[in-house]
Amino acid sequence: MLGARGRFDRPGPACQHATVTTGDTTGDTTGAATGAARPATGAAAVSRRIAAIAESATLAIDRRARELRAGGADVISFGAGQPDFPTPDHIVEAAVAACRDPRNHGYTAAAGLPELREAVAAKTRRDSGLDVAPEQVQITNGAKHAVFNTFATLLDPGDEVLVPAPYWVTYPECIGLAGGRSVVVPTDPSTGFQVSVEALEAARTARTKALLFVSPSNPTGAVYDPAAVAEVGRWAAGAGLWVVTDEIYEHLVYGDATFTSMATVVEELADRTVVVNGVAKAWAMTGWRVGWMIGPRPFIAASANLQSHATSNVANVAQRAALAAVTDDLSAARAMREAFDRRRRAMVEALGRIEGVRCTEPRGAFYAFPSLEAFLGREVAGRRPQTTLELAEVLLEEAEVAVVPGEAFGAPGYVRLSYALGDDELAEGLDRLARLLAG
Ligand code: PMP
């Protein structure tokens with residue numbers, strides 16, 4: 001049910017203009033003999049490139065949880081990758097005003113509203129310490145779109161990208177769609193899920209073009225200290241690589257952890273770094289779909305060209321809302337971070353009390369990533385799950401608790417639990433988990 005790979009049982013509307021030729025790659029040659037035009041039908045209508053995309057396991061578990069809820073089940077979901085807070089009022093008000101302003105009713109520049117590009121440059125100076133010009137900023141349809149644009153603009157077929165695992169599901173898919181190859185570099189709790197320069201060096205080949213670097217991390221919550229960021233950055237600079245840094249969780253760090261933007265500690269990387277970021281997580285704006293990418297001017301110009309043909313500008317009203325977010329004083333973001341921190345500590349404590357669960361303390365983002373390996377091959381609620389994919393199904397069906405299996409992040413044996421949910425729900429969900437796993 002929670003298949004690791006998605007299936008396209010019935011692809012959407014058939015293409016009216018498909019002409020079958022002898023070079024047909026659909027595998028259906030019935031029309032080839034006559035060369036007659038015929039509508040493509042069935043699975044063959046989907047290209048191999050697109051059919052190879054894995055379904056996001058995060059969305060799959062969310063969908064299953066929603067289905068069970070619709071059937072009356074009281075499911076508690078640790079699957080969400082988004083804050084449970086509404087968008088702060090001052091941002092919503094800015095959007096309401098933007099709706100009424102006819103300036104926002106037509107097309108605008110594909111790379112983003114000039115005011116927002118300017119404000120993101122200023123915000124990046126303030127929060128990351130990076131000195132960038134507005135022309136180095138491109139506004140995208142969420143940070144996810146920035147990830148897609150980045151790899152589409154950066155990679156030629158066969159180029160390799162070093163991807164430390166556990167990784168967020170979307171990276172390998174975007175790398176693959178761009179014709180590149182993900183070279184996965186595993187990490188584990190012994191280093192707090194942080195990648196070492198030795199492991200990176202061992203994975204590097206003549207085709208390595210870029211390193212993907214994510215701190216704070218989804219799914220592990222790992223946050224690299226400044227010295228560790230500098231060490232990895234110096235290695236990448238020495239190897240002549242590009243670095244793609246996903247900084248979407250920059251404001252969600254806890255305890256003594258601090259956020260460090262790699263290009264601030266390794267200046268040589270300034271003209272080979274692409275920063276991915278957005279308003280989704282720190283301002284509770286996942287649905288508004290505003291993110292951005294920051295890079296060298298020619299790189300951003302090329303990527304804006306791509307975007308001009310793919311999507312044109314991001315919705316102006318959403319951009320105006322994002323402008324209100326990135327120019328605020330971060331007090332709303334700080335209040336949300338305090339709530340996340342409280343829940344983080346509650347979750348780590350509760351997980352620590354379940355025998356067999358091992359959980360490295362997350363220091364950033366809003367996820368815990370415990371190992372549930374001890375429960376594989378053992379009886380849980382009368383079943384015997386062999387993988388965390390199967391165990392996640394058991395948890396959902398028997399305890400009505402949704403978690404995302406580690407397989408989705410290239411890390412079988414683990415599960416991801418988001419702590420972006422209400423305190424009471426969080427406590428109840430962890431209680432159910434504890435009861436089920438206690439046998
Ligand atoms: N990067 C990471 C690491 C994320 O976890 C997410 C959201 N799950 C994104 C990027 C995408 O964010 P957005 O909603 O802005 O597309």
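**View 1. Three strands form an open sheet in the order S9-S12-S11, with antiparallel pairing.** Strands S9 (367-368) and S11 (404-405) are the edge strands, and because each has a single partner strand, one side of each is left without a neighbour in the sheet. S9 pairs with strand S12 (residues 415-418) in the antiparallel sense over two bridges. Within this pairing, Ala-368 has Leu-417 of S12 as its bridge partner. Two strands are taken to pair if DSSP finds at least two bridges between them. Strands (E, at least two residues) and helices (H or I, at least four) are DSSP runs, numbered from the N terminus. The model is predicted: local features need pLDDT of at least 70 and side-chain atom pairs count only at pLDDT 80 or more, while totals for chains, interfaces and linings use all residues. Residue numbers start from 1 along each chain as its sequence is written.

**View 2. Helix H3 (residues 89-100) has twelve residues.** Its end C-alpha atoms are 17 Å apart, which agrees with the 16 Å that the helix should span at 1.5 Å a residue (the expected span is 1.5 Å times one less than the number of residues). Ile-91, Ala-95 and Ala-98 are the buried residues of H3. They cover an arc of only 60 degrees around the axis, so they lie on the same side of H3; the arc is that of the directions from the helix axis to the C-beta atoms. The buried residues of H3 pack against helix H11 (316-326). Exposed residues Asp-89, Glu-93, Val-96 and Arg-100 are carried on the face turned away from the buried side. Buried means 20 or more other C-beta atoms within 10 Å of the residue's own, exposed 12 or fewer, and partly exposed in between, with C-beta atoms placed from the backbone.

**View 3. Phe-259 lies in the loop between strand S6 (242-246) and helix H9 (262-265).** Phe-259 is buried, with 20 other C-beta atoms within 10 Å. Not counting residues up to four places away in sequence, Phe-259 touches Glu-250 and Val-253; contact means C-beta atoms, placed from the backbone, within 7 Å. The C-alpha atoms of Phe-259 and Ser-215 are separated by 7.4 Å, although these residues are 44 residues apart along the chain.

Conventions:
Two residues are in contact if their C-beta atoms, placed from the backbone, lie within 7 Å.
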